[in-house]
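Biologist: I am new to this structure and would like to go through its side chains with you. Could you show it to me, please?

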Amino acid sequence: MAASLLPLLLFSLFFLLNPPSTTANLHKVSNLLRSQLLSQPKPHRDTPPIRFFEVTKPIKVPKTKPCSSLVLQHDFGYTYGKPPVLAPYSPPAHCPSQNFSKIVLEWSATCKGRQFDRIFGVWLGGVELLRSCTAEPTATGIVWTVKKDVTRYYSLLMKEETLAVYLGNVVDKTYTGVYHVNVTFHFYPAAKNSEKLASGYGSWADLILPISRNLPLNDGLWFEIENSTDLEVKKFKIPRNAYRAVLEVYLSFHENDEFWYSNPPNDYISANNLTGTPGNGPFREVLVGLDGKLVGAVWPFTVIYTGGINPLLWRPITGIGSFDLPSYNIEITPFLGKILDGKTHTFEFSVTNALNVWYIDANLHIWLDHKSTQTEGRLLGHGSGSSLSTSTLYMKGLNASFLTLSSRSISSTGWVKSSHGKMTTQSIQEFKYINLMVMGNDGDLQTVNQTIHFNDGVYTKFPYSFSYSINSSKLFPLYLYSDNVDRGNGTYLSLANVTLGFNEERSNSAGSSFSKTFLENLQTGQGSMIVKNNLVSSGLGSTQEVYNYGCPKFCYFRNVSSSNYTILYDTVSSSCRRRPQSQLDISHGKFYSIPARKVFLTSDLREDEKGV
């Protein structure tokens, strides 16, 4: 652990001793309230709505004509604290083929007026299919579409179920935006020569159980974690002929923990009497238990929502993951021997150092042995270890610097005996974390330099030397900077720069076959706002993003930039452009710094060549 983090430590200490010359303010900005708004200009009648988008690779679909079903059409006005919107769902009986190779969920929405970003979820039979954030509208209106490959939920989508959508929105004289939403499923029949996936490793699960709250509710189906001692529990029972199980975890963070990676240690807050400043330090992890035993963890990607830091950064290019928040898989197969008894068991969820509030639920994907009524298994070994430390490198009043280091490893091995033979599965998770936080200039400076390594692997050995494995190595770099410059007369300039990355290398092997994919997704943004008497009077945001994805049969590259709602350039290519050195190597050679907390609503700002 110590040796592996040494390059990170030296890299961070270099910038600690050579800090950026500009400064920023977390504490002044945190006093601005969301309800303090600009008067909204009258929109031009002929101005078309702006299309917002998240940069991602297109979904590869077959050339067959899809069978599409509009399942829900609804206007989300004042829906906060009300039950989710429900709609009946059934698979497409009108489709000439019931053998589908791809199923796509499409969320399309429009909105105009003034509104904050709102988190929402889409569930089918209690199973979450999509966690997302709305775009913040303008006076002239916006439109956005989210398309998600939901083929992994194949067995669920072939049943009649109830679709539930919760989007907690507020509409009154101040917040005027109503979200007009369509939810559609597109079913792509398999080509004539394609083969239907057989049951087994490499196929989709035969059964998906919801690990979420039950309807009726006046909220989303997610569990709410409000502090570090909260433990949310869900009872479940699986069929006795299961031979594989994977828990898919959905999560999002809000309110006092929306910017958890910038939360200072409690000692700093107490020493400076910063009442109301969110604390508990900058480290968070989601822990998942099975019948009271730790079985997996999630160290989440730092999604920045569409109103985060400086809302003008995300117009029209939204933050990585903001329209389709990532879910995380935890292999449960080694533990099947503990839960194949036909009895009720529990999953437990908690968040280390949590403040109010985290929304968490999960889906349990189960593979069934159709040639037997009961399988058997045994847990052979299970171990975990972790470390967490925060060092105060310097503190004098509001000027301080902190270094937080953490690591965790979880390893489990077990066998399951089914008609496929005796399969031994090992699951390994390894995490490393570093966060360097600097505050200076009497509280007018905060910078954060954070990196999360998230590696996991699943290795299954079948009889007759056949094996199956999945390996994933993720790197989540985050560099943030904010600066407040006092201009007198109650006016100051708020500056924010952001660099955000989601990088992954993934390999799959089954027998003699092997495949490897990579994703390098890097986003940078620069924003400024003039704030007078706690009101945003003008602002400007620019964003650049380079998205590079490759696999054996498909590559996608996009380099796009925007400034003040306008696309400056947009280059798209189907060629593979793998860098000579992977981004999963930590030596970035750059340092960027931190955002102020989200306190602005700028839906009424209009663009021109000089800013807004």
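Modeller: Let us begin with one term: a residue is called buried when its relative accessible area is under 20%. Please also keep in mind that this is a predicted model.

Biologist: Is Phe 116 buried or exposed, and what about Tyr 175?
Modeller: Phe 116 and Tyr 175 are both buried.

Biologist: How many aromatic pairs are there?
Modeller: The count comes to 30 aromatic pairs. In one of them, the ring centres of Phe 116 and Tyr 175 are 5.5 Å apart and the planes stand at 40°, so this pair is tilted.

Biologist: Where in the chain do Phe 116 and Tyr 175 lie?
Modeller: Phe 116 belongs to the loop between β4 (100-111) and β5 (119-124), while Tyr 175 belongs to the loop between β8 (161-167) and β9 (179-189). The two residues are 59 residues apart, and their pair links distant parts of the chain.

Biologist: What kind of pair do Trp 299 and Tyr 433 form?
Modeller: Trp 299 and Tyr 433 form an edge-to-face pair, with 6.3 Å from centre to centre and 85° between the planes. Trp 299 is in the loop between β15 (293-298) and β16 (328-331), and Tyr 433 is in strand β21 (residues 421-440), so the pair ties together parts 134 residues apart in sequence.

Biologist: Why do you count Trp 299 as buried?
Modeller: Trp 299 has a relative accessible area of 1%, so it counts as buried. Tyr 433 is buried as well, with a relative accessible area of 1%.

Biologist: Which residues do ring pairs link into a cluster?
Modeller: The cluster consists of Phe 253, Phe 259, Trp 260, Tyr 261, Tyr 305 and Trp 358, linked by ring pairs.

Biologist: Let us turn to charges over rings. Which residue lies over the face of Trp 367?
Modeller: Arg 244 lies there, 4.6 Å from the ring centre of Trp 367. Another case is Lys 474, whose charged end sits over the ring of Phe 454 at 4.7 Å from the centre.

Biologist: What salt bridge does Arg 244 form?
Modeller: Arg 244 forms a salt bridge with Glu 331, and their closest N and O atoms are 3.0 Å apart. Because Glu 331 lies in strand β16 and Arg 244 in strand β13 (residues 242-253), the pair ties together parts that are 87 residues apart in sequence. Glu 331 and Arg 244 are both buried.

Biologist: How many salt bridges does the count come to?
Modeller: There are 14 salt bridges. Among them, Glu 128 and Arg 131 meet through their side chains at 2.7 Å, N to O. Both Glu 128 and Arg 131 are buried.

Biologist: Which residues are linked in a network of salt bridges?
Modeller: That network links Asp 456, Lys 474, Glu 504 and Arg 506. Within it, Glu 504 forms a salt bridge with Arg 506, with the closest N and O atoms 3.9 Å apart.

Biologist: How do Glu 504 and Arg 506 count in terms of accessibility?
Modeller: Glu 504 has 16% relative accessibility, so it counts as buried. Arg 506 has 29%, so it counts as partly exposed.

Biologist: Now the cysteines. How many disulfides does a search of the whole structure find?
Modeller: The search finds one disulfide. Cys 67 and Cys 95 form it, with their sulfur atoms 2.0 Å apart.

Biologist: Why is the disulfide of Cys 67 and Cys 95 called right-handed?
Modeller: The torsion about its S-S bond is about 70°, so the disulfide of Cys 67 and Cys 95 is right-handed. Cys 67 lies in strand β2 (residues 67-76) and Cys 95 in the loop between β3 (85-89) and β4, so the pair ties together parts 28 residues apart in sequence.

Biologist: What is the relative accessible area of Cys 67?
Modeller: The value for Cys 67 is 7%, so Cys 67 is buried. Cys 95 counts as buried at 5% relative accessibility. Cys 111 is buried too, at 3%, and Cys 133 is buried with a relative accessible area of 1%.

Biologist: One last topic: where is Ser 108 found?
Modeller: Ser 108 is in strand β4.

Biologist: Which residues does Ser 108 touch?
Modeller: Leaving aside residues up to four places away in sequence, Ser 108 touches Trp 144, Thr 145, His 180, Val 181 and Asn 182.

Methods. Residues are numbered from 1 along each chain as its sequence is written. This is a predicted model: local features need pLDDT of at least 70, side-chain atom pairs count only at pLDDT 80 or more; totals for chains, interfaces and linings use all residues. Side-chain values use heavy atoms; hydrogens and water are left out. Rings of Phe, Tyr and Trp (its six-membered ring) pair if their centres lie within 6.5 Å; planes under 30 degrees apart count as stacked, over 60 as edge-to-face and the rest as tilted. Helices (H or I, at least four residues) and strands (E, at least two) are DSSP runs, numbered from the N terminus. Buried means under 20% relative accessible area, exposed over 50%, partly exposed in between (1.4 Å probe, protein chains only). A charge sits over a ring if NZ of Lys or CZ of Arg is within 6 Å of the ring centre and within 35 degrees of the ring normal. Contact means heavy atoms within 4.5 Å. A disulfide is a pair of cysteine sulfur atoms within 2.5 Å. A salt bridge is a side-chain nitrogen of Lys or Arg within 4 Å of a carboxyl oxygen of Asp or Glu.
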